[in-house]
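The sequence and the structure come first.

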Amino acid sequence: MSSEAKTGVVGPGGVKHMKWWGWGVDGVGFHHEGKPKFPAFVLKAVGLDLLAAVPVSEPSFDDVPIAASIAPAALLETLEAIVGKDAVVTDDLLRAIHTYGKSLRDLVRMRANLVERWVDVVVYPADEDDVLAIVRAAVELDVVLIPFGGGSNIAGSLEPIAGETRPVVSVDMGRLRSVISIDDDSRLARIQAGSMGPDLEEQLASKGWTLGHFPDSFTHSSVGGWAATRSSGMQSDKYGDIADIVRGVRVARPGGVLAIQPAPSASNGPSVREMIIGSEGRLGIITEVTVQVHRIPAVRQVNAYFFGDWASGLKAMQAIAESDAAPSITRVSDSNETGFSLATSKGSTGIAKFVSGTVIPKMMTNKGWNLDDICISFIGYEGSAEHVKRTKRLVDGIVKAHNGFGVGTGPGVLFDQKKFDTPYLRDFLLDRGAAGDVSEMGAPWSRLLEIHTAVYAAANAAYDQLGRKGWIMSHLSHSYHSGACLYFTFAFVFGDDPIGEYDTVKRAIQQAFVDHGGSISHHHGVGTEHSPWIEEDISTEAVAVMRGLFTSADPGNNFNPGKVLPD
Ligand code: FAD
């Protein structure tokens, strides 16, 4: 019952899905035309000649050999009795869309027909009662349930475990997409878990509110998915991570609804709310969250700044975090990522125009900077005009004290416009036989330079091992009192063994994180991709406690088994 609309694939109840083989919807993609410096940049970075490369044609779903669903008639009848016949789907395309998220590993496997275990049936509940009934039936019939929000995760959190012999049911939450109510007094909104970013912001904005949670995947991810993966949005410096934003939660479990009231803070034992946040579907299905919301700010702007090198940029971000300034975004790219931003800038616009003229490069050399080392930074300001003015004045002073300077809001506007388009770059590279992917982590300020150096060394050693020219770049985002997130992007041209080669580079980077005091992820979650390092990250005893939680909460291993902790 699926239909290929221009906006993507549409399931029962008008639930919109991304395309099965890549990011986003059909007809939208990354293009290098109009970015004159990009081909030369890619050639130098990874040895790929974009002008000569012939992209593969769009994968055809007809070529995908999908294993038949093993959902027994009794299961389908039970589900149909709960949600209605039209909302239970064994259609191949919808099963494929629900089998994976959007990690590089997922996309490579989907394109190369390397899927080991398909989802057997997709069910679209309409409300919490439906979800509760599905959960109870799943335990009774001993099937596997995997909650599905937008399907955007990149940590292997959605895939059925290879060799799973029980039927696998994907529970698509897309019909639960309403802002239920807003408590204006307390600034709290009750929102159904399947609400997608643009939809929920539109509903909130119609009443003058915003959630302020804008991950790069905003257009194709849900509030339930954000909570289940401990997501973080671009403006987290002001609004907090989803773990701060979600105050109350309702979770459908076999025994009933687990309901946590939205207290601003509570001393009621180990936080069950925190156990649910990041649980990736292992403790039940989140049906609703109560989140803190904010009045839409009067002013919202992003300013660009330059620093002479990475160490100065990092120090400036730390000084901003320690100061009285309260910006919404603090972000600085290292010199490699700055080079990438300059190369993806359109010829006559964006930051490239600042460094292709003569005035600003002269200013930089006068400061003693090496132009290959420069780092671009974006600082966001949101709030009342007075707040923005004061914060900007404080930030400008800190930038100056670190020998940097500002170039105004022009590049910031473009940064804002481009941020949701960049995810399409990965499919563009895959079409041309190259990998582009990311790893990110959080660590104290005192470890960030060390981790940055260690990750570069690890990635370059992995490229040497593969005998390949590879690329690595990084930025700092999401600042806190005690530390920040470093986000790394890596790229190389595939040889004969794409997954094996990807593993070599990805593993080297993840190992460098834990070896140098970083977490295995700051906001992408654990899934199956990062679980090999969880014990090194949180300790053997912590893993034992977590395993006890999963085992007692889900003795039949029915809820998204194998995620967060390997079984
Ligand atoms: P899904 O991918 O559908 O599910 C993720 C996990 O949550 C699965 O384990 C699933 O079973 C579980 N789950 C989903 N809904 C529920 C529910 N209602 N109850 C219980 N469990 C549930 N993440 C960030 O935090 N910040 C970013 O800036 C960011 N940028 C990204 C950019 C790109 C291009 C991509 C591909 C991903 C990015 N991500 C980012 C990762 C991803 O978008 C997040 O992990 C997101 O929170 C997943 O939400 P979702 O609705 O798509 O969840």
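The text below covers the ligand site, then the pocket, then the sheet.

**Ligand site**

The model is predicted. The shell around the ligand holds 35 residues, and those that come nearest are Pro-147, Gly-149, Ser-152, Ser-217 and Ser-222. By class, this shell is made up of 20 polar, 13 nonpolar and 2 charged residues. At least two shell residues come from each of S6, helix H7 (223-229) and strand S13 (285-292). Helix H7 gives the most, with 5 residues.

| Residue (backbone N or O atom) | Ligand atom | Distance |
|---|---|---|
| Ser-157 | oxygen | 3.0 Å |
| Asp-216 | oxygen | 2.8 Å |
| Ile-286 | nitrogen | 2.8 Å |

On its own, the ligand has 970 Å² of accessible area, and the protein covers 97% of this.

**Second largest pocket**

The volume of the second largest pocket is about 820 Å³. Its lining comprises 32 residues; Arg-230, Glu-274, Ile-277, Gly-278 and Met-546 are the closest to the pocket centre. Two or more lining residues come from each of helix H9 (242-245), helix H10 (272-276), helix H20 (534-538) and helix H21 (540-553). Among these helices, H21 gives the most to the lining, with 5 residues. Sorted by class, the lining contains 16 nonpolar, 10 polar and 6 charged residues.

**Four-stranded sheet**

Strand S6, which supplies at least two residues of the ligand shell, also belongs to an open sheet of 4 strands. The strand order in this sheet is S4-S5-S7-S6, and the pairing is mixed. Strand S4 (88-89) and strand S6 (144-148) are the edge strands; each has a single partner strand, so one side of each lacks a neighbour in the sheet.

In general, the strands of a sheet pair through backbone hydrogen bonds, in either a parallel or an antiparallel sense. For S4 and strand S5 (residues 121-123), the sense is antiparallel, over 2 bridges. Within this pair, Val-89 stands opposite Val-122 in S5.

How values were computed
Residues are numbered from 1 along each chain as its sequence is written. This is a predicted model: local features need pLDDT of at least 70, side-chain atom pairs count only at pLDDT 80 or more; totals for chains, interfaces and linings use all residues. Side-chain values use heavy atoms; hydrogens and water are left out. Two strands pair if DSSP finds at least two bridges between them. On a 1 Å grid over the protein atoms alone, a cavity is a set of points where a 1.4 Å probe fits but cannot get out, and a pocket is an open set with protein on both sides within 12 Å along at least five of seven lines; lining residues have an atom within 4 Å of a point. Grid points are joined across faces, edges and corners, and a volume is the space filled by probe spheres set on the points. Ala, Val, Leu, Ile, Met, Phe, Trp, Tyr, Cys and Pro count as nonpolar, Asp, Glu, Lys and Arg as charged, and the others, Gly among them, as polar. A residue is near a molecule or strand if one of its heavy atoms lies within 4 Å of it. A polar contact is a pair of N or O atoms within 3.5 Å; within protein, one must be able to donate a hydrogen and the other to accept it, and residues adjacent in sequence count only if both atoms are side-chain atoms. Accessible areas come from the Shrake-Rupley method with a 1.4 Å probe; for residues, only the protein chains shown count as cover.
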